[in-house]
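Hi there,

Here is the structure I promised to pass on to you. My notes on what turned up in it follow below.

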Amino acid sequence: MRSARWRAPGRSRVFYRSAPRTFARPVPPLHAPSVLVLHFESTRFVISVAELAALNGAPLAMVPEVAFVGRSNAGKSTAINVLTGQRQLAHASKTPGRTQLLNFFEVPDRGPEGLPRTGAYLVDLPGYGFAKVDAPTRSRWDQLVGGYLAGRRLLRGVVIVMDARRPLAGADEHLLAWISGRSDAEALRVHLLLNKADQIARPERARVVAQAEHRAESLPMPVSVQLFSGLKKEGVEELRLTLRQIIEG
Ligand code: GDP
């Protein structure tokens, strides 16, 4: 993985409740902490949310969330579909009525003894294209998406899907400002997915990545950068690996 400023994620430490005092020796845990076995191919749509307040009562597990966001037409839906090996999954987010919602997709995991459980959520956020939208639409986007990015505690990472020919445009910066404003920004991973790499000549590719990495250096979050092509299905394993790192922390 090309990494602008990749800080190795700190191993999350697990503490067990100490044994009751009547025991002479500590009681070993029933199960060793399990490693996540995420099945991206089995990802399924679970819920759409129209406003942040609705998240409180939503039937969602308390597991890490990774948001996918990007300018309209950057290829976000294609990237999610390719990542999950499903042709129509994220296009569900484009059906009338769902385009301005936070769409939650569950990635299943195998728990102890192989039992299925929710491993993480991929959250497909409404696309943005601020040049064209009117003020009320923009304000609504800020409230819902900006509010989610700035305040959601379960959010572990954000994948920003960009057209590799026009990375880090003004609207992307607007988005980065929301994330940078978090009090725990340093703990949030940002992954810049430079999509449509198939449209860039090979000699140009390193320059595009270097440019994005250069911008990433001044951000408070750990940022990684990768080239991707949803069309050619290039970079899929690298994206899955990055998501596993983000989710496992
Ligand atoms: P979204 O609006 O960000 O969800 O974008 P879509 O996934 O709907 O893709 C927008 C357009 O870009 C569609 O015409 C896709 O076929 C095209 N597209 C998506 N990914 C790629 C890619 O990797 N390479 C090329 N050349 N086109 C792509």
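Which residue in β4 does F68 stand opposite? F68 stands opposite D124. Before the rest, two words on conventions. This is a predicted model, in which local features need pLDDT of at least 70 and side-chain atom pairs count only at pLDDT 80 or more, while totals for chains, interfaces and linings use all residues. Residues are numbered from 1 along each chain as its sequence is written.

**Overall layout**

The chain has six helices and seven strands; helices (H or I, at least four residues) and strands (E, at least two) are DSSP runs, numbered from the N terminus. Read from that end, the order is β-α-β-α-β-β-α-β-α-β-α-β-α. Of the 249 residues in the chain, 34% are buried. Here buried means that 20 or more other C-beta atoms, placed from the backbone, lie within 10 Å of the residue's own, exposed means 12 or fewer, and partly exposed is in between. Among contacts (C-beta atoms, placed from the backbone, within 7 Å) between residues at least 6 apart in sequence, 75% join residues at least 24 apart.

**How the strands pair**

Strands count as paired if DSSP finds at least two bridges between them. β2 and β4 are parallel, with four bridges. β4 also pairs with β3 (residues 102-110), this time in the antiparallel sense over eight bridges. D124 turns up again here, as the bridge partner of N103. Five residues lie between the strands of the β3 and β4 hairpin, and E113 takes a positive phi near 60° in it.

Elsewhere, β5 and β6 run parallel over seven bridges, and V161 has L193 in β6 as its bridge partner. Together with α4, these two strands make a right-handed β-α-β unit; right-handed means that, with the strands pointing away from the viewer, the path from the first strand over the helix to the second runs clockwise. The chain then crosses from β6 through helix α5 (residues 202-216) to β7, and this crossover is right-handed as well. β6 and β7 (residues 223-227) are parallel and joined by five bridges, with V190 opposite V223.

β6 is mostly covered, with seven of its seven residues buried. On one side these are R189, H191, L193 and N195, and on the other V190, L192 and L194.

In soluble globular proteins, nonpolar side chains tend to be buried together. Leaving aside residues up to four places away in sequence, L192 touches I160, M162, A212, A216, V223 and V225.

**Around the ligand**

Sixteen residues, written 16 in my table, surround the ligand, and G75, S77, T78, G230 and L231 are the closest; a residue counts as near if its C-beta atom, placed from the backbone, lies within 6 Å. The shell divides into two nonpolar, 11 polar and three charged residues. In this scheme Ala, Val, Leu, Ile, Met, Phe, Trp, Tyr, Cys and Pro are nonpolar, Asp, Glu, Lys and Arg are charged, and the others, Gly among them, are polar.

Helix α2 (residues 76-84) supplies the largest share of the shell, three residues. Eight of the nine residues of α2 are buried, S77 and T78 among them. The buried residues of α2 pack against β2 (65-70), β4 (116-124), β5 (155-163), β6 (189-195) and α6 (236-248). G85 follows the helix and has a positive phi, near 65°.

**A few backbone details**

Most residues other than glycine have a negative phi. N73, in the loop between β2 and α2, has a positive phi of about 80°. It counts as exposed because it has 12 C-beta neighbours inside 10 Å. L168, in the loop between β5 and α4, has a positive phi near 50° and is partly exposed, with 18 other C-beta atoms within 10 Å.

Finally, A171 sits in helix α4 (residues 170-180) and counts as buried because it has 21 C-beta neighbours inside 10 Å. Its C-alpha atom is 7.4 Å from that of R71, 100 residues apart along the chain.

Best wishes

How values were computed:
Two residues are in contact if their C-beta atoms, placed from the backbone, lie within 7 Å.
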